[in-house]
Amino acid sequence: MLKEVILISREKIEELAELIKTSRNIVVFTGAGVSTESGVPDFRSPGGIWDRFDPNEMTFQKFVSSEESRRKYWDLFRTTYKEFQGIEPNQAHLAIAELEKRDKLSAVVTQNVEELHQKAGNSPGKVLELHGTMWKIRCLDCETDYPWEEAYKLLEQGEIPGNCPQCGGLFKPATIAFGQQLPVRTLKEAQARSCSSDLFISIGSSLVVYPAALMPQMAKESGSALVIINREPTPFDDIADLVIHAQAGETMKKTVELAE
Ligand SMILES: [Zn+2]
């Protein structure tokens, strides 16, 4: 870990800082790599969520079609509610929030569901959650949101949330399940902001999940500068103006300090 921190090139930090200084309409795109630096458990690691729950059982189709599947799904959320409590924003989240304070941020488009951008200080209207949020439950029919705490209380008593008092629809955590459509309005807004940005910074995403991964490409084609910060190479490194293979937190903290 220490080695990687040392290896962040000063030149690249300066280059990114310069891009930030001269931009007024930045879109930041964040993936799991930003969350893991806050200690958010990695679902795919050994002993992680997908070792304990079968992802094939957790599809949207199964959720809506059987109560048994819904019980399994809610049990997964009971576990994640426990594991995600007390998680705090890291330096990357704070640096991104700082961009909003400096009036340079058009939007944060995120694949993450734990609301750490809002907790770091980004206003909710600036955060476009492509995969929803785990801290709300939502009626699948009328889309009314309810706090997760009520669901959690029921789950701890061995029950699952019932039906929506407004319309009788099914409650589901407000995240996007496998096989569930991404929120159309959010996706369109994210694409529009990406296309009108002058700088698009992708942080901590392997950029392989579509349609989210299309956004850096759309931004670049619309004339935005494209920067990719990720520990591993991504399929878009070749078209990026700047690629930094390093940790998100350290890179963003140093850059935003320098761009002041
Ligand atoms: Zn409803």
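This is a predicted model: local features need pLDDT of at least 70, side-chain atom pairs count only at pLDDT 80 or more; totals for chains, interfaces and linings use all residues.
Me: What makes Phe43 partly exposed?

Reply: Phe43 has a relative accessible area of 24%, and the term covers values between buried (under 20%) and exposed (over 50%), computed with a 1.4 Å probe on protein chains only; therefore Phe43 counts as partly exposed. Its place is in the loop between α3 (32–36) and α4 (49–52), where helices are DSSP runs of H or I with at least four residues and strands are runs of E with at least two, numbered from the N terminus.

Me: Why is the site of the zinc ion called tetrahedral?

Reply: The zinc ion is coordinated by the SG atoms of Cys139, Cys142, Cys164 and Cys167 at 2.3 to 2.4 Å, so these atoms meet the donor rule (N, O or S within 2.8 Å of the metal, or 3.2 Å for Na, K and Ca, with water not among the atoms, so that sites may look incomplete). The angles among the four donor atoms are 98 to 116°, and four donors count as tetrahedral if all angles lie between 85 and 135 degrees, so the site is tetrahedral. In sequence the donor residues follow the spacing C-x2-C-x21-C-x2-C. Cys142, in the loop between β4 (132–139) and β5 (145–147), and Cys164, in the loop between α9 (148–156) and β6 (171–175), are 22 residues apart and link distant parts of the chain. Cys142 is partly exposed at 32% relative accessible area, whereas Cys164, at 4%, is buried.

Me: How do you know that Glu83 and Arg52 meet in a salt bridge?

Reply: Their side chains come to 3.0 Å, N to O, and a salt bridge needs a side-chain nitrogen of Lys or Arg within 4 Å of a carboxyl oxygen of Asp or Glu, so the pair qualifies. Glu83 lies in helix α6 (residues 67–84) and Arg52 in helix α4, so the bridge ties together parts that are 31 residues apart in sequence. By this rule the count comes to 19 salt bridges.

Me: What area is buried between domain 1 and domain 2?

Reply: The domain assignment, automatic or from a database, gives domain 1 as 1–40 + 89–131 + 182–260 and domain 2 as 41–86 + 132–175. About 800 Å² is buried between them, with carbon and sulfur atoms giving 49%; buried area is the accessible area (1.4 Å probe) that two parts lose on being put together, summed over both. In domain 1, Val40, Val113 and Glu115 lose the most area to domain 2, together 51% of what that side buries. The count between the two domains is two salt bridges. Glu115 also meets Lys136 in a salt bridge at 3.6 Å, N to O.

How values were computed: Residues are numbered from 1 along each chain as its sequence is written. Side-chain values use heavy atoms; hydrogens and water are left out. Four donors count as tetrahedral if all angles lie between 85 and 135 degrees; four count as square planar and six as octahedral if opposite donors are over 155 degrees apart and all others between 65 and 115; anything else is irregular.
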